[in-house]
Amino acid sequence: MSDNRPRRTFAVISHPDAGKSTLTEALALHARVITEAGAVHGKGGRRATVSDWMDMEKARGISITSAALQFVYRDHVVNLVDTPGHSDFSEDTYRVLSAVDSAVMLVDAGKGLEPQTLKLFKVCALRGIPVITVINKWDRPGLAALELMDLIEQQIKLRPTPLTWPVGEAGDFRGVLDRRTGEFVKYTRTAGGATRAPEVRMPASDVDEIDAAVWHDAVEEHQLLSADDADHDQEGFLAWRTTPVMFASALQNFGVAQLLDLLLDLAPAPHATEGVDGSVREVEDPFSAFVFKVQSGMNAAHRDRVAYARVVSGEFDRGMIVTHASTGRPFATKYAQAVFGRELSSIEHAYPGDIIGLVNAQALRVGDTMYVGDKIEFPPVPSFAPEHFQTATAADIGRYKQFRRGIDQLDQEGVVQVLRSDLRGDQSPVLAAVGPMQFEVVQERMTNEFNSPIRLSRLDYQVARRTDAAGATALAGKRGVEVLQRSDGTYLALFVDQWRAGTTARDNPDVMLEALPAGGG
Ligand code: GDP
């Protein structure tokens, strides 16, 4: 079932353990999940990519694709796009951010901003995606609320504008002050947060005596914030100057409905998107979409390969013939087995902001555009700074042809970046990845899918900078740096650490050494 109600499409950016899975479950509890899902049932290394969501699906009986969770709230359709994290952190984690209109930055109140959150935040900054900040785990002891605001402002350079303010310090969560209405939203604990935590709203005059002292503190801080120009500013939020902040306990389901309300009221709806030639696709124009993630199953027998695309404009009807922009060829979506997974005909239509999963769409690659009507091609999804490097060689040199084909295929799919140099030769390219799990995926697919087991050998590099042909020449033979070329022609200079990258840049001021987006950049 799907329909053309207004959409909100967002992702949660967070560090492992901040509570993303808990929040996702809580969101689903508050809403009506409509997507029948589970498109990918991988094996081996792939399972980790979907495990959180699959477990959740089993445990709660809710339905999730490995790419997006869709639900209805207040007559809006909300798409929550998954950002793979933990051990399966990879380029996909960054790429999915090209498919959303806003992001929720989930912060552990006890820890503040952590490395993975900051990496993902940089990608949002690059793309100008508005960010809502949720301070989670307020039911546990943590940092002071004002201190957290300072940390956010210092580390991400967006002015925090709290919409709610905690009543009671971290660990003594009584509720929040709704800074827009001045009301007390009282938090009522439920056993294990199993059901919706009732949020009782009351005017300031009704605040109980037991809460009076902490309420007084909250009001004082609220006034301080207003004096400090920290009230919500919608224009500033959309223009990437401010981040609205709210306080929650995902585990106790407190603040979750507030977050949904906020997404509907403040976060941007799907909007017009510019093509590479400068033409603009309005959401009401004929169908167009771009692929932001391709996932291949590990099961050699099935060779399942799902291309996930975000609808940019128009209506998608299952079975429609679209044009594949990079080849100019028609592409029949009826041969794509399923949209949104397991139930083959469960979704017949999709609208701007929705995520469609096209099964066995072998021709589709990350960044590809599909369209109907006037030609449109959306800008490529950028590649991000790899931080892990290994050389690959065919275990059986007699299978070099298979080796070459497999490596090229995985390169095109964006599973890893493949780097080469004359010095290393073609027999032993360098594979570069954002997360270490990508090598396991390569290993397994090379063995099972391309019949060419490989030997991987770790290189000591951690940092990649963009350079050019002149840079490659200038840096050749220098200590602690190696320049290789990516298949898209980009030259990458690899360094053992940031320090070496820094000294090399200082010692060679004429050499171009640019940081790449996100990661070690
Ligand atoms: P993820 O790695 O970001 O998906 O984090 P999880 O949702 O798995 O949560 C990590 C741990 O933090 C789990 O033990 C959760 O029960 C716990 N947790 C998540 N949210 C809260 C919260 O609001 N309060 C408390 N006390 N614990 C939480």
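**Sheet and helices**

Tutor: Keep in mind that this is a predicted model. Strands E8 and E9 (residues 175-178) run antiparallel and are joined by four bridges.

Student: Which residue in E9 stands opposite Trp 165?

Tutor: Leu 177 is the residue opposite Trp 165.

Student: OK, and what order do the strands of the sheet come in?

Tutor: The order is E8-E9-E10-E11, four strands in an open sheet with antiparallel pairing. E8 (164-167) and E11 (199-202) are the edge strands; each has a single partner, so one side of each lacks a neighbour in the sheet.

Student: How much are neighbouring strands turned against each other?

Tutor: On average by 25°, ignoring direction.

Student: Which helix lies across E8, E9 and E10?

Tutor: Helix H6, residues 209-227, lies across those strands, E10 being 183-187. H6 runs at about 150° to E8.

Student: Switching topic. At what angle do H1 and H8 pack?

Tutor: Helix H1 (residues 20-30) packs with helix H8 (residues 256-266) at about 75°, and their axes are 9 Å apart. Angles from 65 to 115 degrees count as roughly perpendicular, so H1 and H8 are roughly perpendicular to each other.

Student: Which residues meet there?

Tutor: From H1, Ala 26, Leu 27 and His 30; from H8, Val 256, Ala 257 and Leu 260.

Student: And how many of the residues in that contact are nonpolar, polar or charged?

Tutor: The contact of H1 with H8 has five nonpolar residues, one polar and no charged.

Technical notes:
Residues numbered from 1 in each chain as written. Predicted model: local features only at pLDDT ≥ 70, side-chain atom pairs only at ≥ 80, totals over all residues. Pairing = 2+ DSSP bridges. Helix = DSSP H or I, 4+ residues; strand = E, 2+ residues; numbered from the N terminus. Axes fitted to C-alpha atoms, helices over the stretch in contact; angles between N-to-C directions. Contact = placed C-beta atoms within 7 Å. Parallel < 35°, antiparallel > 145°, perpendicular 65-115°, else oblique. Nonpolar A, V, L, I, M, F, W, Y, C, P; charged D, E, K, R; others polar.
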